[in-house]
Amino acid sequence: MENNNAIYVTRSSIPSYEEYTEEIRDIWESRWLTNMGSKHIRLEGDLKSYLQTPYITLFANGHLALETVFTAMNLTGEVITTPFTFSSTTHAIVRCGLTPVFCDINPDDYTIDVSKIECLITPKTSAIVPVHVYGNICDVNSIQKIADKYNLKVIYDAAHAFAVEYKGVSSANFGDASTFSFHATKVFNTIEGGAVTSKNSGLIPILNRLKNFGIQDEENVTHIGGNAKMNEFQAAMGICNLRHIDAEIAKRRVIFDRYAERLCGIPGIKLSIPNGDIKSNYAYFPVVFDRYRYSRDEIVTKLRAENIFARKYFYPLVSDFECYRDRAGFDSSKTPVAKYIADSVLTLPLYGDLGADQADRICDIILEKD
């Protein structure tokens with residue numbers, strides 16, 4: 001049971017009860033609950049406009065978005081990715097019969113180290129799957145140059161990058177496709193949900209069939225598809241939450257800036273602050289404890305003693321998961337930067353309704369001396 005006095009790493013943003021119930025009122029009249037109804041169509045249009053992307057299709061969750069886009073692109077063999085990610089990225093690759101080849105991350109923003117990609121490319125490589133981490137955008141220009149040179153697809157896991165822009169370009173518009181998660185823990189949520197964006201108009205009809213059992217029309221099934229459709233209640237939540245997304249991000253920025261003010265410049269504490277080219281969504285506040293007087297795990301214990309629940313995110317590294325322990329290529333020693341960051345990073349509580357006084361309390365605990 002949730003402790004109302006506890007501070008958790010995040011708290012789902014939701015509209016008022018009245019706003020949501022008003023939004024879903026006409027569902028009772030139409031009885032159209034799923035299969036791309038009016039709410040689904042409206043949310044796609046709203047998101048297309050908000051994300052400034054030409055094409056988008058919605059999914060029941062972000063993981064199915066990943067699996068489906070890999071299938072739609074007919075990827076084979078190996079894909080280059082990073083182990084510093086949520087389990088979904090690697091699981092989707094493996095579940096689609098592909099082999100992940102892990103590239104290390106850079107020590108500044110924790111995205112894929114582009115200087116190490118080319119040496120991992122083999123005749124079996126079909127794609128690069130980089131991950132935007134904590135709202136930090138990968139080196140998209142360098143990645144695209146490599147992909148063009150070797151004729152590879154680029155699919156971004158943009159689960160952390162909703163509403164983020166790089167030099168004025170939406171995170172939805174890089175590579176061949178980008179996938180988003182609209183899980184309840186994200187800056188923007190549809191309770192559960194996800195999406196794929198792309199500049200390729202031809203990809204969207206394939207995705208739409210694959211997410212609906214491969215059905216083209218009442219009499220034709222053209223693909224071996226699954227069921228990954230977003231329902232109308234999810235879409236309605238998204239419609240409501242999108243109305244408030246800019247205000248939510250603005251409130252998050254206040255807490256982000258408070259953390260930065262209190263913790264910046266402290267020996268042994270390393271922060272990841274977006275550079276001037278990034279319009280951030282302030283989704284996460286990662287802190288790396290690098291020879292600080294307390295270890296990351298000691299900080300976790302100190303916070304939990306005060307009913308504050310930060311998250312070791314991402315830990316453990318995907319390549320250290322028990323389910324991959326005996327698989328060839330899953331060796332965390334080959335990605336030492338990712339291994340070190342996974343063992344040292346802690347994301348602090350961050351959400352729009354978190355008070356500045358609560359952020360100060362968290363900083364006081366981190367900074368207190370024995």
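**Exercise 1. The faces of helix α2**

Which residues on the other side of α2 are exposed?

*Solution.* The model is predicted: local features need pLDDT of at least 70, side-chain atom pairs count only at pLDDT 80 or more, and totals for chains, interfaces and linings use all residues. Residues are numbered from 1 along each chain as its sequence is written, and side-chain values use heavy atoms, with hydrogens and water left out.

Step 1. Helices (H or I, at least four residues) and strands (E, at least two) are DSSP runs, numbered from the N terminus. Helix α2 covers residues 38-50, 13 residues in total, and spans 18 Å from first to last C-alpha, close to the 18 Å expected at 1.5 Å a residue. The expected span is 1.5 Å times one less than the number of residues.

Step 2. Buried means under 20% relative accessible area, exposed over 50%, and partly exposed in between (1.4 Å probe, protein chains only). Lys39, His40, Leu43, Glu44 and Leu47 of α2 are buried. Seen down the axis of α2, these buried residues fall within an arc of 135 degrees, so they line one face of the helix. The arc is that of the directions from the helix axis to the C-beta atoms.

Step 3. The exposed residues on the other side of α2 are Ser38, Ile41 and Ser49.

Step 4. The packing partners of the buried residues of α2 are α1 (17-30), β2 (55-59) and α7 (232-243), where contact means heavy atoms within 4.5 Å.

**Exercise 2. Salt bridges across the chain**

Which parts of the chain does the pair of arginine 243 and glutamate 23 link? Treat two further pairs likewise.

*Solution.* Step 1. A salt bridge is a side-chain nitrogen of Lys or Arg within 4 Å of a carboxyl oxygen of Asp or Glu. The whole structure has 25 salt bridges.

Step 1. Between arginine 243 and glutamate 23, the closest N and O atoms are 2.6 Å apart. Arginine 243 is in helix α7 and glutamate 23 in helix α1, 220 residues apart. Arginine 243 is partly exposed at 43% relative accessibility, whereas glutamate 23 is buried at 7%.

Step 2. Aspartate 364 and arginine 262 form a salt bridge with closest N and O atoms 2.6 Å apart. Aspartate 364 lies in helix α11 (residues 356-367) and arginine 262 in helix α8 (residues 245-263), so the pair ties together parts 102 residues apart in sequence.

Step 3. Glutamate 368 and lysine 302 meet in a salt bridge of 2.9 Å, N to O. Glutamate 368 is in the segment after α11 and lysine 302 in helix α9 (residues 296-304), 66 residues apart. Lysine 302 is buried, at 18%. The charged end of lysine 302 also sits over the ring of tyrosine 294, 4.6 Å from its centre; this requires NZ of Lys or CZ of Arg within 6 Å of the ring centre and within 35 degrees of the ring normal.

**Exercise 3. Aromatic pairs**

Is the pair of phenylalanine 321 and tyrosine 324 stacked or tilted?

*Solution.* Step 1. Rings of Phe, Tyr and Trp (its six-membered ring) pair if their centres lie within 6.5 Å; planes under 30 degrees apart count as stacked, over 60 as edge-to-face and the rest as tilted. The structure holds 24 aromatic pairs.

Step 1. Tyrosine 313 and phenylalanine 314 have ring centres 4.3 Å apart and planes at 45 degrees, so this pair is tilted. Both residues are buried.

Step 2. For phenylalanine 321 and tyrosine 324, the centres are 6.5 Å apart and the planes at 10 degrees, so the pair is stacked.
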